[in-house]
Amino acid sequence: MKRVNILDCTLRDGGYLIDSQFGNTAIKGIIQGLTESGIDVIECGFLKDEPHQTGSTIFNNAAQLRPFLPEDRRQASYVCLADYSRYSIDNLEPCDGTSIDGVRACFFKNERHKVIDFCRGISDRGYRLYVQPVDILGYTDAELLELIENVNELEPYAFSIVDTFGSLYKEDLQRVFYLIHHNLYSGAKIGFHSHNNLQMSFSLSQEFIEMTQGLRSVVVDTSMAGMGRGAGNTNTELVMQYMNRKFNSGYDINTVLDLIDNYVDGFHNEYEWGYSIPYFLAGSYSAHVNNISYLSTKAGIASRDINYLLNRIGPAARKRYDYDLLEKTYLEYQGAICDDSDALNTLNAAFAGKDILMLLPGHSVTTHAEEISQYCRDHTPVVISVNLLSQDYHIDYVYFSNKNRYRYWKNASHFSEYKKIVTSNVTTVPEQDQLIIDFTRLIKCGWDQLDNSGILLLRLLDLLDVNSIAIAGFDGYSRHSGSQNYMQKSMEKTRNTMNAEESNKEIRNMLEDYMNTRNLDCPVSFITPSYFESVIKGDQL
C-alpha cells in the first residue's frame, strides 16, 4: 500500500469557480485522464440535496456518477464530498463497487457532535469515510481531541487537516499533525487540504509528506493548476513531480499536463484564481474569501483598506460572510477619511521644537501628581490630555480618538475651554478650536486594539517635529481586586479589565512596533509607573 496518496479535487474545489458546470465532456475527460496518470484518489464532485443537472459535478446519489467513471479503474479510488448541512445521507445508496467508493464528510465546528451519525451512515453503507472538519485552526486542542475521540469509534479511512482559510504556517501544521497522530485511530490515514493564500501551499504539502514518514499513511489534496476558489489549492502537477523525484512514485505528469491544456486552461481564461494581495490578507486573518470578493467590488478600494476592514469586523464575523456588517463597517471607514493637511501644518507650527507631555487617564495620574507637576515645572511642555478633561493640570490640548469619550466630555461645561485634536472616526464636523486628523493615517492593522488612543497619538506626534515626548498615565490594565485602572472609576472598561493580561500584551506589542518603526528621532520616556516601561527602555519582551 502506498504511504502517500494524492487526491485530486479539481472537479470539486474547482467547481466553486464555475458553479460546478464543467460540462459532461470535461468531467469524463478529466476523470479518465487522472485515472491514467496514476492519481490515487479522484474527487468527482459534491453530494448535495439538489437534482443533478447535465454537465454539473453536483450529484444527489452515487448512481448518478456511474456514467462518468471509466471501465478500467486501474488503481484509482473515486470519492465525493458531502457537506453535512447540505446533504441527507438517506439519499446515498449502499456501495456496490460500480460507482464511488468513498465519501468525504465536511462540517463546521458547531456541527461536530451532530455529524457523527452522518459519518456512521457513510461507513454503514460500505463507503470509505473521510472526515473533513472545516477550519482546523478554529479548534482548540481540547475540542479537536474530543472530535477525534468520537470519530475513532467509527474507524475512519482518513481524517484531514483542512486549512480552510489558507492560514497555516509550518509550526501550525506540525502541532496539529502530531496532536492528531498521537490520538487518532491507528488504521486511519491523515489528510492535508490547503489553500494558497500565503504562497505556502506546495511548501506545506512537501513538509507534510516529509514529516509524516514512518508515522502515518497520508493523503495530500491537490488540484490541477491549483484550480480553486480564491487563492486556489496545491497544484497537482507540482506534487506529482515532487513525488516522482523524491520517491520514484511513477505518476504520469504528461497526462495531467494534457488535461490542463485541454480543459483547465479554458476555465482559467475566463475565471481567476491564485495568489493575490487580497487573498493574502484573507489568509492572514483566517477570513472567508467571500469577504474579499465583496470588498473588492468597491470602487477605488485599496489593499490597506481591506486590511483594516477585515481586522475591524473581528475573528468570528470574518470566518463567515455578513455583507450587511461589511457594508456598515466600510461606510464608517469611508466616513473617517478626510484631508487633514491644514490641521497637520497648524500642529507642526505649534509643536515644532517643543517638549510634549501626553497625559493619559491611568490611575497613576492621581497617585503620582507631584512627579507630573515637577516635570511641568522643569520642562514647560505642551500638555496633551488624552480622552480626558482634568482640571487638576494645566492642559494645552485635549486629544480624542475615542468616540464615546468625546461624546461624554462634550457635555461638560468646560469642554469649550480647550483646544482639541480629534480624529476623523470621532467626527468630521469642524468646530471652533478643533483640529481634525485623518484617522486612517494613524491606524496600523494586526491588533484587536488597533485604535488604542495612546498609540494613535504617538503615531501622530511622529509626523510632527517635536523635541521630546513624555508619557504619564499610560499604566496598563490590572484585574487585581481593589485595583483602579483609571483616574476616574467611571472610565473603567469591563473588556480590558477582564482580559487584562491579553490587553497589556497586545498594547505592549503595538508600542514595540511603534518604537521599531518610528520616523521621529526624539527621546520618549515615562514619568509615571507603567507596565510598558521596558519597551521604551529597549528591554527584551
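This is a predicted model: local features need pLDDT of at least 70, side-chain atom pairs count only at pLDDT 80 or more; totals for chains, interfaces and linings use all residues.

Let me begin with the helices. Helix H2, covering residues 24-37, and helix H8, covering residues 253-268, have axes that come within 9 Å of each other and cross at roughly 165°. An angle over 145 degrees counts as roughly antiparallel, so H2 is roughly antiparallel to H8. The crossing of the two helices is left-handed. On the H2 side, the contact is formed by Thr25, Ala26, Gly29, Ile30, Gly33, Leu34, Glu36 and Ser37, while H8 contributes Thr255, Val256, Leu259 and Tyr263.

I turn now to serine 468, which is located in strand S15, residues 468-472. Is serine 468 buried or exposed? Its relative accessible area is 10%, and serine 468 is therefore classed as buried. Its side chain forms a polar contact with the side chain of aspartate 355, at 2.6 Å. Beyond residues up to four places away in sequence, serine 468 touches Lys354, Asp355, Ile356, Tyr375, Cys522 and Pro523.

With a relative accessibility of 31%, phenylalanine 280 counts as partly exposed. Setting aside neighbours within four places in sequence, phenylalanine 280 is in contact with Asn197, Leu198 and Tyr275. Tyrosine 323 lies 43 residues from phenylalanine 280 along the chain, and their C-alpha atoms are separated by 20 Å.

Thank you for your attention.

Terms used: Residues are numbered from 1 along each chain as its sequence is written. Side-chain values use heavy atoms; hydrogens and water are left out. Axes are lines fitted to C-alpha atoms, for helices over the stretch in contact, and angles run from 0 to 180 degrees between N-to-C directions. Helices (H or I, at least four residues) and strands (E, at least two) are DSSP runs, numbered from the N terminus. Angles under 35 degrees count as roughly parallel, over 145 as roughly antiparallel, 65 to 115 as roughly perpendicular and the rest as oblique. A crossing is left-handed if the near helix is turned anticlockwise from the far one by less than a right angle, and right-handed if clockwise. Contact means heavy atoms within 4.5 Å. Buried means under 20% relative accessible area, exposed over 50%, partly exposed in between (1.4 Å probe, protein chains only). A polar contact is a pair of N or O atoms within 3.5 Å; within protein, one must be able to donate a hydrogen and the other to accept it, and residues adjacent in sequence count only if both atoms are side-chain atoms.
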